[in-house]
Amino acid sequence: MATWKLLAGVVLAAALSAGLAVRAAGQTQKQGCSSLSSLRLPDVRISEALAVPAAASGQVRAAHCRVNGVIGTEIRFSLLLPDSWNGKFFMGGGGGFVGSIQNSAITTVNQGYATVGTDTGHESSGTDASWAYNNLERQLNFGYLAVHRTAEVAKAIVASYYSRPASRNYFQGCSRGGGQALMEAQRFPEDFDGIIAGAPAYDWTGFAAQMLRNMQALFPDPKNLTPMFTPDALKGVESAIVAACDIIDGVKDGIIDDPRQCRFDVDTLSSLTPAQKKALKVIYAPTTNREGEIHPAQPFGGEGQTAGWPTWITGTQTPAAAGQAAQPALCLRHRRVQVPGLQQPRLGLQHLRLQ
Ligand SMILES: [Ca+2]
């Protein structure tokens with residue numbers, strides 16, 4: 001009997017204790033959110049710590065504590081700490097040149113993850129790289145440091161807020177975010193337990209050289225930045241290539257399974273001008289400098305896709321084309337690739353010499 005009483009007492013005490021702990025945790029979290037604004041971390045300024053109620057619609061629906069802040073000079077981040085935490089942390093990457101706080105894993109907060117995103121240390125549109133000019137700190141932040149520092153700071157805030165560190169830490173990103181993912185895996189393998197690298201733009205220097213080379217071919221006169229190819233012309237190129245190479249994989253379905261197997265002579269495209277053919281031959285060739293290949297050739301296929309060539313290769317309008325031309329020069333300078341003409345880069349096509 002005494003044993004039963006003792007056991008019941010222990011169970012009751014445990015249940016009460018757990019219940020009190022849950023209530024205390026809820027109260028503590030709400031108070032804890034606003035108190036995070038006074039959390040002191042080295043080289044970190046917390047600009048906002050706000051309890052956000054649950055929402056019925058939108059990307060972020062779970063009730064959470066939002067912590068915005070700045071690391072170092074200008075690495076901005078936004079961390080979401082859900083009221084119902086699953087004990088884990090999930091960081092999401094950004095796209096292009098980032099330039100605004102982006103978090104491709106932001107919806108994981110609805111599953112209970114604490115999640116963070118960063119602008120990688122500068123403010124710009126995703127296709128503008130002018131922020132990098134003569135600013136080594138921003139270049140390094142964007143190159144690899146901002147994601148790492150944001151992860152470290154976010155994990156410290158998570159541990160402070162929930163009174164224990166996350167049991168698992170994950171990262172996922174696509175495009176530039178995929179490149180961030182691989183950079184993390186290579187440089188800071190302790191940061192995350194699991195990493196998803198989607199369509200990783202990992203050879204930033206290589207494809208920046210390729211983009212630059214393409215710009216030179218497509219805009220031979222730097223005073224004339226009118227795109228050389230209309231969307232219809234690009235669709236014509238794509239149709240001819242698909243017609244020639246679709247069947248190589250054995251199935252005529254409009255898809256070239258392996259573009260590397262495709263052989264196509266652009267001189268057979270009778271609707272194109274000699275200048276257009278010349279530019280295409282450059283684009284379909286590897287990018288090289290005196291030391292050899294910098295980046296593989298652009299594969300055949302996808303020329304007529306709106307989100308493909310017009311956006312990333314040929315340009316859709318004059319300002320975009322001019323902007324794209326300027327970006328690779330900045331990237332190349334950052335990585336100190338020895339490309340003739342780029343040792344003293346200037347923002348003009350006439351100064352750039354790629355082989
Ligand atoms: Ca096929």
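Start by selecting helix H4. Its 15 residues reach 21 Å from the first C-alpha to the last, close to the 21 Å expected at 1.5 Å a residue. Keep in mind that this is a predicted model.

**Stay on H4**

Colour residues 204-218, the stretch that forms H4. Which residues of H4 are buried? They are Phe207, Ala208, Ala209, Gln210, Met211, Leu212, Arg213, Asn214, Met215 and Leu218.

Now select residues 274-283, which form helix H6. Two packed helices are described by the angle between their axes and the distance between the axes. Here the axes of H4 and H6 come within 9 Å and cross at roughly 170°. That makes H4 roughly antiparallel to H6, because angles over 145 degrees count that way.

Show the side chains where the two helices meet. From H4, pick Arg213, Asn214, Ala217 and Leu218. From H6, pick Ala279, Val282 and Ile283. By class, this contact has five nonpolar residues, one polar and one charged. Arg213, Asn214 and Leu218 are also on the buried list of H4.

**Move to H3**

Select residues 176-187 for helix H3. How far apart are the end C-alpha atoms of H3? They are 16 Å apart, which agrees with the 16 Å that twelve residues should span at 1.5 Å a residue.

Next, highlight the buried residues of H3: Arg176, Gly177, Gly178, Gly179, Gln180, Ala181, Met183 and Glu184. What do they pack against? Show helix H2 (136-162), strand S6 (168-174), strand S7 (194-198) and H4.

Select residues 114-118. Strand S5 is mostly covered, with five of its five residues buried. Look along the strand. Ala114, Val116 and Thr118 point one way, while Thr115 and Gly117 point the other way.

Now bring in the neighbours of S5. Strand S3 (residues 75-82) runs antiparallel to S5, and four bridges join them. Strand S4 (residues 88-92) pairs with S5 in the parallel sense, over three bridges. Click on Val116 in S5. Val116 is the bridge partner of Leu79, and also of Met91.

**Zoom out**

Show the whole protein chain. How many helices and strands does the chain have? The count comes to eight helices and nine strands. Buried residues make up 37% of the 355 residues. Among contacts between residues at least 6 apart in sequence, 60% join residues at least 24 apart.

Conventions. Residues numbered from 1 in each chain as written. Predicted model: local features only at pLDDT ≥ 70, side-chain atom pairs only at ≥ 80, totals over all residues. Axes fitted to C-alpha atoms, helices over the stretch in contact; angles between N-to-C directions. Parallel < 35°, antiparallel > 145°, perpendicular 65-115°, else oblique. Contact = placed C-beta atoms within 7 Å. Nonpolar A, V, L, I, M, F, W, Y, C, P; charged D, E, K, R; others polar. Expected span 1.5 Å × (residues − 1). Buried ≥ 20, exposed ≤ 12 C-beta atoms within 10 Å, placed from the backbone. Pairing = 2+ DSSP bridges.
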